[in-house]
Every structure is written in structure tokens, then in C-alpha cells.
Amino acid sequence: MTASFLDFPRFDIARDGARIHGRIGGRGAPLLLLHGHPQTHAIWHRVAPALAERFTVIAVDLRGYGDSGRPAADAEHVVYSKREMARDALAAMHLHGFERFAVLAHDRGARVAHRLAADHPGAVERMLLLDIAPTLAMYEHTSEAFAKAYWHWFFLIQPPPLPEALIASDPVRYVRSVMGGRHAGLAPFAPEVLAEYERCIAIPGTAEAICEDYRASATIDLAHDRADIAAGCRLAQPLRVLWGEHGAVGRAFDVLSLWRERADDVSGRALPCGHYIPEEAPDALLAEALNFFVSPEHPGATS
């Protein structure tokens, strides 16, 4: 992480037995940053300082990740549902006095952001989501190519304790295998940030927590998504979606069409990178974010 991001003050908040950790910095309109798997809020180290020149940036670790808590699992996977994670994020924003805000989110964090916008539409002004299609659509349209690229989706949901035991036996190898097995290998990750990911994956309880995150996505999260569809609930907030042209999501799915099934105002395009957009293409992401959040009347090119 750059020194300026490390200078962002830390905070912790407790919500229903889960401790949520994050950083806050900058000034201006509030912007919530949510990270993906198997990472932490450190993914934003290349973009957060510049964003903080225009926004009050709040970057949190999802429950089960980073320095946030790892609450005990339940049989229905409610504790690690995206609904509960969305409530964590909302509580973090309320802690700092923000009732309405914008969201920039990657991977798992983008799934949390989707649920946050669906459950709390008055809180989310607009969202920029990175390298995902809607969770339900990705499961329903799974192809051989997607299953091979996203093998961890199907490994992590297996019944306990096998996936937990395999991860916990060598957590650093797990991080390096998942992150290094994509388009650019481990080259995009700053050594000190990769070390941070490795530190956090080795915290006791992490293996159980990340498995529960994915088990929730394959069960209760899908039930919540299906309930939204049955009720005719759609996202009304402006939504921009970016994906890596070298990543599996854009190759395996029609990203914009799938989001237009769930939201009213959707734009987006591919960026010349792989899955880890904040670390592989920070300059392109910053340009997109500033265009979308600062100049909302000009949301950028639509693909």
C-alpha cells in the first residue's frame, strides 16, 4: 500500500456480533469501497489516495476477510449472506454520518453492493461494479469455460470440513493459486499488498469464513435474488459495470444484458486488463470513477 493510503485512519464497528474494520480518508461526497475475494480493503491502494482528493472514502473489510471479524457460521448461511454484509456496510457509513452515498465495488464486494442497493435503495445514490454479472445469472448460465476459470466457486461450497481443511493447511498457497492463476499472474500485486493478503488469509477462522461466504452465495443469496425477481424489484440507481477484457466474466457472459435484466439504468464496457481491475488498471479505473461519480450527466461510453 502507498504511504498515503496507510495514513488513512482506521476504524472498527460492531454489528450483531461482527466486528467490521475499515479506513476513512479524504473529504467531499461519501464513497464506499468494497473489495473482493481473497483480498481485503488493500485492493484500493492504487486508487484510494486520488479518490480521496474528491470524496470522503470509506474502505471496509467484508466480514470474514481482512481484519474484520469472523462470526460463527449457521446452518442456513444467514451470517455470511450478502444481506448481512450489506448491513455491515450500511452501519459503517452510518458510523461516519452518511445516510446516502455512492459505491465502488469489486468481485464479492460488488455482490454485497448489489444487495445493498436492492435492500436499501434510499442509501445508494449510484454504483460502479467491477467484473461481475448478477450472481443468480452466473450460476444459471454456468458454462464449462466459466467453471474451469472459477473453480473456487464450486470448491468452496462443498460441505465442511474438507475445503476449510485444505485451505487452512496452506493458506498462502491458496491465495497465490487463486490470484496467480488468472490473466496476469501475481505480477500486478505490490509485494507489500500481497503480503497483507497472505497475512489475513492465515488469520484463524478465515478458511471457514470464506467458505461460508460462497455457500451463502449458492443458497440464501440466490433465494433473496429470486424473491426480488418474483416481486418485480429492479435497481433504479444509475449502474455502471466494468470488466476485464482478459477475464472470464466478459468471455463467459453478456454482462450488460444480464445487468439490464436487473436494473433500469445500466452502462459499461471492458477495460484492457484481467479480473483485478483496481490493481491491474488503476488509471483507467480512476478515469471511469471520476467520470461516473463526479460528472454523472456524462456516464461514459456504453458498450
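I begin with conventions. The model is predicted, so local features need pLDDT of at least 70 and side-chain atom pairs count only at pLDDT 80 or more, while totals for chains, interfaces and linings use all residues. Residues are numbered from 1 along each chain as its sequence is written, and side-chain values use heavy atoms, leaving out hydrogens and water.

Let me turn to the overall architecture. The protein chain contains 16 helices and eight strands; these are DSSP runs, with helices being H or I of at least four residues and strands being E of at least two, numbered from the N terminus. Its C-alpha atoms fill a box of roughly 50 × 45 × 40 Å along the principal axes. For 303 residues, a compact globule would have a radius of gyration near 19 Å, and the 17 Å of the protein chain agrees with that. The radius is taken over C-alpha atoms, and the globule rule is 2.2 Å times the number of residues to the power 0.38.

Of the 303 residues, 59% count as buried. Here, buried means under 20% relative accessible area, exposed means over 50%, and partly exposed lies in between, with a 1.4 Å probe and protein chains only. Among contacts with a separation of 6 or more, 76% join residues 24 or more positions apart; a contact means heavy atoms within 4.5 Å.

Next, the interior. In soluble globular proteins, nonpolar side chains tend to be buried together. The largest nonpolar core in this chain has 104 residues, and Leu 32, Leu 34, Trp 44, Leu 51, Val 103 and Leu 104 touch the most other members. Helix 3 (residues 82–95) gives the largest share of this core, seven residues. Such a core is a set of buried Ala, Val, Leu, Ile, Met, Phe, Trp, Tyr and Cys residues joined through side-chain atoms within 4.5 Å. Leaving aside neighbours within four places in sequence, the contacts of Leu 32 include Ile 58, Val 60, Ala 89, Met 93 and Leu 116.

Helix 10 (residues 191–201) also has buried residues, including Val 193, Leu 194 and Tyr 197. The buried residues of helix 10 pack against helix 9 (171–180), helix 11 (206–217) and helix 15 (277–280).

Finally, which residues does Arg 100 touch, not counting those up to four places away in sequence? They are Pro 30, Pro 121, Gly 122, Ala 123, Val 124 and Glu 125. Arg 100 is found in the loop between helix 3 and strand 5 (101–106), and it counts as partly exposed because its relative accessibility is 44%.
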